[in-house]
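The sequence and structure are shown first.

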Amino acid sequence: PAGPARPARVCRRGHARDRRRKRNASTADAMAPKGKGKAKAAPAPAAAFSAVPTLDEACALLLKNEPAPFREATETLFTILKNITAKPDEAVFRRLKRANAALSAKVFGAKGGVRFLRAVGFVEEGAGDEAAFVLPAAVGAEQLAAGKAALKAAVKQFSHVQEALRTAENEAAAQKLRDLRDLSKQNNSKRDAATAGEKDAIKAEIAAERFEWERQRDPTNFK
């Protein structure tokens with residue numbers, strides 16, 4: 001009968017192994033750190049912000065300048081691009097020193113000036129007195145043409161905005177003048193009415209005095 005007993009032992013051994021696995025799994029679960037919920041997945045890394053702005057972004061900032069700084073900045077930027085277009089191999093036109101007083105006043109100090117240079121393709125190199133914006137040779141005529149077109153569009157838009165502001169200011173001034181005229185007419189009417197009343201009162205007083213004088217001259221008048 002040894003033959004039939006062997007499968008029973010094998011079966012018991014299999015059950016024992018299953019029980020050990022369950023105990024081990026329960027122990028591992030008990031030792032695992034407990035939290036309020038499932039562990040949150042790490043957030044996906046945000047897309048890196050591009051340090052190179054677009055021409056539209058740069059021009060939007062240029063439009064925030066007052067008329068004089070806007071004119072100086074756009075004219076200077078256009079001249080820079082025009083010179084590079086005319087002589088693309090001239091390094092002097094492709095390198096703008098930070099220490100340059102004229103550029104500092106007209107471009108670097110204007111809103112959107114530096115951003116526009118970066119949008120065209122200029123990169124900043126060096127430090128201190130050697131710091132400069134340099135246009136790499138890879139930036140060609142197509143990008144320069146796009147920059148000039150963007151400047152022309154910005155100048156046109158700025159002119160429209162300024163014209164609208166002048167129109168609004170003129171209308172406001174005209175309305176203020178009309179209001180002052182209306183107020184003056186009202187004051188004149190009140191003054192005329194007051195003057196007429198004063199004249200009537202004076203006439204009545206003169207008439208009363210004359211009547212009294214005539215009555216006193218006539219001894220028979222007992223009015």
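The model is predicted: local features need pLDDT of at least 70, side-chain atom pairs count only at pLDDT 80 or more, and totals for chains, interfaces and linings use all residues. Residues are numbered from 1 along each chain as its sequence is written, and side-chain values use heavy atoms, with hydrogens and water left out.

A salt bridge is a side-chain nitrogen of Lys or Arg within 4 Å of a carboxyl oxygen of Asp or Glu. The count comes to three salt bridges.

| Salt bridge | N to O distance |
|---|---|
| R98 and E124 | 3.1 Å |
| R118 and E124 | 3.3 Å |
| E163 and R166 | 2.8 Å |

R98, R118 and E124 are linked in a network of salt bridges. Helices (H or I, at least four residues) and strands (E, at least two) are DSSP runs, numbered from the N terminus.

E163 and R166 are separated by about one helical turn, because they are three residues apart in helix α6 (residues 141–217).

Buried means under 20% relative accessible area, exposed over 50%, and partly exposed in between (1.4 Å probe, protein chains only). In helix α6, E163 is partly exposed at 42%, and R166 is partly exposed at 42%.
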